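Please examine the sequence and the three-dimensional structure shown below before reading the explanation.

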Amino acid sequence: MRRIILVGVCLLIVCLAGFARAEDKPVLAWIETIEAKPGMEARFEAALQKHYAWHAAQNDPWPIYVWVIINGDRTGQYLIGSFGNTWKDYDAREAFEMADMKEAVATIGPFVDKYTSFLLAYEEEMSRQPEAPGPAKLCQLTRYYVKPGDAAAFADAVKEIKAALDAAAYPVRNRWYEWVSGGEVPCWVNAT
């Protein structure tokens with residue numbers, strides 16, 4: 001029951017964030033981190049496959065990617081995400097999300113120890129790679145927590161670095177996302 005309430009609160013936060021942000025950051029990344037109960041990783045993975053078979057049976061058009069974190073303080077957790085959607089896309093999915101939550105709690109819930117969900121907005125002006133990530137085999141994520149009041153200065157500094165890298169034709173590629181819901185803000189995530 002506690003997990004259902006937690007998921008409901010997360011959905012409420014996502015909805016409220018959508019009203020607050022409108023369409024000013026239209027390209028979003030929805031991310032979940034899930035930690036399986038100790039010793040239940042194989043059962044969790046089987047349940048996750050069953051859950052995404054349910055998505056396919058519902059003709060869910062959103063591509064969903066699943067990774068396992070292999071380094072850092074979240075080693076062993078699963079990172080699940082969908083990319084390239086807008087606030088309007090989320091509004092159109094309300095009925096599906098309710099059915100999805102019910103199915104996920106029944107299928108995956110018994111094997112989950114910890115769950116978090118958050119939304120990131122793709123920052124094209126800061127990035128040196130298109131937003132759509134595809135199924136990358138490896139990816140490094142770095143979070144940058146910025147002092148309140150310094151968000152604009154941080155974004156401007158990253159844009160200046162990008163301009164210098166572009167001018168030098170330096171081959172580094174990355175994507176920047178602003179954390180918009182489900183965690184400490186202001187925060188940016190850099191994916192390389």
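The protein averages a pLDDT of 85, and 83% of the residues score at least 70. Residues 1–22, however, have a pLDDT below 50. Beyond near neighbours in sequence, this stretch makes 24 contacts in the model. Where pLDDT is low, the predicted coordinates should not be read in detail.

The buried residues of helix 4 are F96, D100, M101, E103 and T107.

The cysteines may be considered next. A disulfide is a covalent bond between the sulfur atoms of two cysteines. In this model the count of disulfides is zero.

Charged residues provide another kind of pairing. Side chains of opposite charge can pair when their charged atoms come close. The model contains five salt bridges. One of them joins R93 and E97, with a distance of 2.7 Å from N to O. R93 has a relative accessibility of 8%; because this is under 20%, the residue counts as buried.

Which residue pairs with K159 in a salt bridge? The partner is E125, and the N to O distance is 3.0 Å. This pair links distant parts of the chain: K159 belongs to helix 5 (residues 151–167), while E125 lies in the loop between strand 4 (112–122) and strand 5 (141–145), and the two are 34 residues apart. K159 is partly exposed, with a relative accessible area of 28%. E125, at 55% relative accessibility, counts as exposed.

Another salt bridge connects R128 with D166, whose closest N and O atoms are 2.6 Å apart. Here too the pair links distant parts of the chain, since R128 is in the loop between strand 4 and strand 5 and D166 is in helix 5, 38 residues apart. R128 counts as buried at 10% relative accessibility, and D166 is partly exposed, with a relative accessible area of 39%. Finally, salt bridges that share partners join D60, R93 and E97 into one network.

Terms used:
Residues are numbered from 1 along each chain as its sequence is written. This is a predicted model: local features need pLDDT of at least 70, side-chain atom pairs count only at pLDDT 80 or more; totals for chains, interfaces and linings use all residues. Side-chain values use heavy atoms; hydrogens and water are left out. Buried means under 20% relative accessible area, exposed over 50%, partly exposed in between (1.4 Å probe, protein chains only). Helices (H or I, at least four residues) and strands (E, at least two) are DSSP runs, numbered from the N terminus. pLDDT is the predictor's confidence in each residue, from 0 to 100. Contact means heavy atoms within 4.5 Å. A disulfide is a pair of cysteine sulfur atoms within 2.5 Å. A salt bridge is a side-chain nitrogen of Lys or Arg within 4 Å of a carboxyl oxygen of Asp or Glu.
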